[in-house]
Amino acid sequence: MTSPIEEIMADIGNSDNPLLNSQLTELSNLSSEELELFERSWTTIEPERRRQTVYRLVELAEGNLLLNFDSIFKYCLKDRNDEVRSQAIEGLWENEEASLIDPLVNLLEQDSSEEVQASAATALGKFAMLAEHNKLRSCHVSRIQEALLSVINDKNKPVEVRRRALESAAPLSLSQVRLAITKAYQSHDSEFRVSSIYAMGKNCDPSWLPILLNELGSTNAEVRYEAALACGELEREEAVPYLTKLVNDIDTNVQMAAIQALGKIDSPQAREYLEQCLDNPNE
């Protein structure tokens with residue numbers, strides 16, 4: 001007799017059938033036996049259909065916190081398809097199990113796909129934050145630090161991967177991280193510089209503030225945006241007068257970043273300005 005999981009997988013495997021949310025939700029919280037049936041069927045499904053399925057599972061999980069497809073996403077970290085592996089990493093965005101650290105580091109260091117490497121680098125960011133808050137064992141902390149710093153300093157790695165590693169390493173209170181942020185800021189690569197500004201905020205060191213205040217006046221809207229958010233992360237009252245000017249920026253995203261930053265700064269001046277924004281005719 002065919003099990004419900006086998007029937008669902010048969011439908012998923014038939015590309016002529018639409019992917020139904022009602023069926024996909026049945027893949028939540030699979031037992032070990034059900035997962036085994038899933039794995040057996042999964043390898044027979046064509047790559048594009050696997051990609052579509054994982055993408056939809058990620059969407060469903062983001063829209064309903066009661067759904068849990070983590071066992072599937074963990075399995076898909078070894079999928080033959082680049083996009084499936086990348087989406088599987090995305091699907092594990094809330095999972096803080098230390099058992100994920102080694103697989104993510106291996107993907108960062110060894111995967112053949114730049115997209116997968118970059119996704120793995122970004123995913124390691126939450127573990128770097130846990131490490132900084134002393135919520136991981138020392139062996140895991142060392143693994144994360146060494147992997148991220150090695151990638152940041154590896155000139156043979158794609159810039160996209162290196163910048164995502166820098167952003168993830170930013171919360172770590174290490175002199176090597178500060179040096180890496182400084183070098184990235186001094187880089188001639190514009191994207192690397194943008195990541196360095198993001199990293200300054202996540203590093204939470206007030207010594208970055210003069211650079212960030214200067215970059216609030218950049219001609220590049222993306223730089224102004226990241227500098228505004230970074231000022232919010234530092235929560236320094238000195239940034240308030242600069243941020244209030246950006247609320248009238250020509251770029252809407254920069255305006256929103258400035259308002260968000262003001263909301264994080266606990267000062268009477270910031271609160272007063274936010275109250276004024278409530279009277280703005282623009283929704």
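The following legends describe close-up views of a predicted model.

**Figure 1. Overall view of the predicted protein, which is built from 18 helices and zero strands.** The C-alpha trace spans about 70 × 45 × 35 Å along its principal axes. Of the 283 residues in the protein, 48% count as buried. Among contacts with a separation of 6 or more, 63% are made by residues 24 or more positions apart.

**Figure 2. The largest nonpolar core, a set of 93 residues.** Leu27, Phe127 and Leu243 are the residues with the most contacts inside this core. Helix α10 gives the most to the core, with seven residues. In soluble globular proteins, nonpolar side chains tend to be buried together.

**Figure 3. The surroundings of Leu27, one of the residues with the most contacts inside the largest nonpolar core.** When neighbours within four places in sequence are left aside, Leu27 is in contact with Ile5, Ile8, Met9 and Ile12, among others. The list of its contacts also includes Phe38, Leu57, Asn68, Phe69 and Ile72.

**Figure 4. Helix α9 (residues 125-132), which is largely enclosed by the rest of the structure.** This description applies because six of the eight residues of α9 are buried, where buried means under 20% relative accessible area. The buried residues are Gly125, Lys126, Phe127, Ala128, Leu130 and Ala131. Their cover includes the helices α7 (101-110), α8 (114-123), α10 (138-152) and α11 (159-169). Just after α9, Asn134 takes a positive phi of about 55°.

**Figure 5. The largest pocket, which holds about 530 Å³ of space.** Of the 20 residues that line the pocket, Trp93, Thr122, Ala123, Gly125 and Lys126 are the closest to its centre. Helices α6 (82-91), α8, α9, α11 and α13 are the elements that give two or more residues to this lining.

**Figure 6. The largest cavity, with about 30 Å³ of space.** The structure holds one cavity of 30 Å³ or more. The residues that line the largest cavity are Ile89, Leu92, Trp93, Leu100, Leu104, Ala123 and Lys126.

**Figure 7. Helix α15 (residues 221-234) and the helices around it.** At 1.5 Å a residue, the 14 residues of α15 should span 20 Å, and its end C-alpha atoms are 20 Å apart, which agrees. The buried residues of α15 are Val223, Arg224, Glu226, Ala227, Ala228, Ala230, Cys231, Gly232 and Leu234. These buried residues pack against α13 (190-203), α14, α16 (240-246) and α17 (252-264). An α-helix has 3.6 residues a turn, so residues three or four places apart point the same way.

**Figure 8. The two ends of helix α15, with Asn220 at the start and Glu235 after the helix.** At the start of α15, a side-chain oxygen of Asn220 reaches to within 2.8 Å of the backbone nitrogen of Glu222. Glu235, which follows α15, has a positive phi near 55°.

**Figure 9. Asn214, a residue of helix α14 (residues 209-215).** Is Asn214 buried or exposed? Asn214 counts as exposed because its relative accessibility is 54%, and exposed means over 50%. Asn214 and Tyr242 are 28 residues apart along the chain, and their C-alpha atoms are separated by 9.4 Å.

Terms used: Residues numbered from 1 in each chain as written. Predicted model: local features only at pLDDT ≥ 70, side-chain atom pairs only at ≥ 80, totals over all residues. Heavy atoms only, no water. Helix = DSSP H or I, 4+ residues; strand = E, 2+ residues; numbered from the N terminus. Buried < 20%, exposed > 50% of the residue type's maximum accessible area, 1.4 Å probe, protein only. Expected span 1.5 Å × (residues − 1). Contact = heavy atoms within 4.5 Å. Polar contact = N/O pair within 3.5 Å; in protein donor to acceptor, adjacent residues only side chain to side chain. Core = buried A, V, L, I, M, F, W, Y, C linked by side-chain atoms within 4.5 Å. 1 Å grid on protein atoms, 1.4 Å probe; cavity = no way out; pocket = protein on both sides within 12 Å on 5 of 7 lines; lining within 4 Å. Points joined across faces, edges and corners; volume = space filled by probe spheres on them.
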